[in-house]
Amino acid sequence: MAEILKEIQERDLPEYEAIKSSGICTEEELHKLMRERERFETKIIQSKKSLVNYIEYIQFEKNTHKWVMEKEKQLHCTLPDVKRSIIQRIIKLYRNGTQQFPQEERLWKSFIQFSKKSNPGQVAGIYEKMLAYHGDKDAVWCDFALWAYESTKILKTVTEIFLRALKRNPTSEVLNLAFFDILIKETARITDVSSTLNVMERQLGLERALLLYRNNRSKITNVSYYLKLLERCEEPEYVNCTALLQKEIVEDIMKYFFAEPSVWDYLAQRELRGYNIVDLQEVTALQVAEIKDNQMDTGDSPLINENIWKHRNLKVRIELCFKAYEKAVEVLPNETMWSYFINAMLDLNQDMSTEGDMKRYCLSKAFNMGHKSQLMSVTHYKALVEMLLKSPPNGISRVETILQEVVEFKNTVEIYELWMQVYSKTQNEARFYEIFIKANKELGFAKCVSLWHLAIKFYEAYYDEYPKKLHGILQEAAKQIHPEFGVFRAYLVEYTMRYETLKKARELYDELCQIPPPYLELHRKMAEIERQAKTKSSDISRMRLCYENAVHYFGKSNTDVWIELLKFERDLGDFKKMSPIYDRAKSTLNPDLVDSFISEYSLLKVLS
């Protein structure tokens with residue numbers, strides 16, 4: 001190793017001499033640089049190699065390069081040989097690192113990123129070497145092809161990369177979309193169609209994109225892929241020249257993905273953006289006729305060169321979009337399709353600066369249609385209710401009518417929750433309580449936990465007016481045996497302490513401990529109450545009781561309850577009890593939890 005280090009130092013000697021003669025650093029700084037390099041070199045030539053060593057050394061050299069550049073600016077000098085030497089060292093480290101750890105994708109990417117700035121001529125070669133190990137990753141191929149396109153603009157080279165990539169990853173959507181993008185980008189780049197040669201090149205580009213699309217039709221079955229292709233074609237520079245391709249994609253998605261709500265949603269949104277399906281069909285039919293009538297030797301262009309989309313104002317586009325959604329919910333009468341429809345109308349109403357009346361009309365009509373269909377989601381009922389409550393004086397009566405109708409076909413806790421929230425906002429306590437009782441009767445207590453939370457929150461806010469209601473609801477909730485209702489036992493104990501006495505809270509706690517199933521937060525809440533009450537030393541036993549009850553009911557499957565008991569004895573109880581409790585815990589806990597408990601206990605002792 002000593003001989004290798006000596007050889008490296010001799011090789012780097014010209015760089016050190018150049019640094020020394022330039023005066024950019026002191027002798028001490030130069031020796032520090034040499035020592036640091038020697039330390040890194042020692043690490044990477046040792047028998048047990050580590051990726052971290054390479055990464056740290058590379059970063060050190062990058063920082064050194066940055067330091068040299070800063071010194072150049074400060075001292076108004078240039079050190080090209082020094083910088084070149086550092087860059088060559090970094091490249092060598094990357095090469096050795098990727099040879100030692102070829103599976104480390106991040107190291108390859110870092111190498112490529114560095115080389116793009118410092119050694120661009122070698123980037124293609126690095127990609128090729130990387131692909132020997134990571135050829136199954138479509139993102140790597142995609143990065144390679146896109147870099148080649150940006151740096152060379154040679155379509156033949158880029159095409160070869162994509163074809164190799166697709167041979168390895170034939171169903172990759174990422175690769176196919178990227179290749180498709182480049183093909184139509186190249187087509188759109190040919191703007192001068194006055195010459196036959198340009199016409200033929202542009203037509204060839206479109207044919208390549210069409211061939212790529214057709215080739216993947218049987219391989220890729222994800223509808224989002226085809227919608228992304230259409231989205232690419234809608235870019236302003238491509239939207240006219242890809243008309244024939246758009247028509248074929250639209251026909252295919254309607255044929256193969258007819259039952260997909262996302263397809264109908266996308267096509268309706270196209271109408272809003274001004275890409276009318278009739279325009280596409282008409283111009284496409286015209287182009288097909290032109291292609292048949294005009295042979296290539298006439299020199300006439302069979303390409304679409306002008307804007308094929310008729311100009312329509314916003315109001316007309318909204319109408320066409322709405323009609324498309326009407327057709328969609330007729331063909332696909334399900335909640336998902338209705339959600340797309342109403343979401344689109346809600347989005348339109350975010351900007352009321354233009355065609356506000358038309359947008360409001362469409363939203364109102366969509367809500368009415370959705371309600372009548374009985375397929376509108378709870379989320380959209382919430383939006384409708386919110387909108388109606390802002391429309392006095394008849395808003396609340398319309399809301400009541402709608403919700404009464406909804407529960408006939410959508411009898412869910414979410415609808416009752418919405419109904420109760422309406423009366424909470426309007427401060428109608430009688431109707432609030434009536435709907436609360438009705439929901440529990442219709443759905444059963446177990447399904448209505450969220451409604452109990454809502455009721456408690458409401459009556460807490462109006463405690464001065466309805467104190468007995470809150471107490472009664474809490475008492476009833478605490479009696480329930482459903483596990484989800486356990487939280488209300490802790491609420492009731494807290495309520496009793498707040499509005500009555502500590503003695504009453506303790507009596508209630510003792511009573512609730514006997515009601516199954518056990519609930520951990522009840523014991524924690526009572527322990528918290530005992531602490532806050534500042535009990536005397538003679539009452540420490542009551543606080544201990546809370547922690548002991550917790551370990552009694554949950555000590556087999558929960559290490560936290562034992563740690564909490566130990567912390568209590570350490571801080572407020574009897575320190576001597578900790579050792580026996582520790583032994584009890586180890587014998588009580590499930591075997592698979594003992595090691596974890598021991599670790600937590602050890603940490604507890606360290607921090608005490």
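Predicted model: local features only at pLDDT ≥ 70, side-chain atom pairs only at ≥ 80, totals over all residues.
**Exercise 1. Describe how the rings of F458, Y459 and Y466 pair.**

Step 1. Know what to look for. A pair of aromatic rings is described by the distance of the centres and the angle of the planes.

Step 2. Start with F458 and Y459. Their ring centres are 5.0 Å apart, and their planes stand at 85 degrees. Planes over 60 degrees apart count as edge-to-face, so this pair is edge-to-face.

Step 3. Move on to Y459 and Y466. Here the centres are 5.9 Å apart and the planes are at 85 degrees. This pair is therefore edge-to-face.

Step 4. Widen the view. F458, Y459 and Y466 belong to one aromatic cluster, which also includes W452, F485 and Y491. Across the whole structure, a search finds 38 aromatic pairs.

**Exercise 2. Check the span of helix 9, then find which residues line its buried face.**

Step 1. Count. Helix 9 covers residues 155-168, which is 14 residues.

Step 2. Work out the span. At 1.5 Å a residue, helix 9 should span 20 Å. The end C-alpha atoms are 20 Å apart, so the two values agree.

Step 3. List the buried residues of helix 9. They are L155, V158, T159, I161, F162, A165 and L166.

Step 4. Look down the axis. The buried residues of helix 9 fall within an arc of 160 degrees, so they line one face. An α-helix has 3.6 residues a turn, so residues three or four places apart point the same way.

Step 5. Turn to the face away from the buried side. That face of helix 9 carries the exposed residues K156, L163 and K167.

**Exercise 3. Find the rings that have the charges of R39 and K153 over them.**

Step 1. Take R39. Its charged end sits over the ring of F40, 4.6 Å from the ring centre.

Step 2. Take K153. It lies over the face of Y149, at 5.2 Å from the ring centre.

Note on methods. Residues numbered from 1 in each chain as written. Heavy atoms only, no water. Helix = DSSP H or I, 4+ residues; strand = E, 2+ residues; numbered from the N terminus. Expected span 1.5 Å × (residues − 1). Buried < 20%, exposed > 50% of the residue type's maximum accessible area, 1.4 Å probe, protein only. Arc of directions from axis to C-beta. Phe/Tyr/Trp six-rings, centres within 6.5 Å; stacked < 30°, edge-to-face > 60°. Lys NZ or Arg CZ within 6 Å of the ring centre and 35° of its normal.
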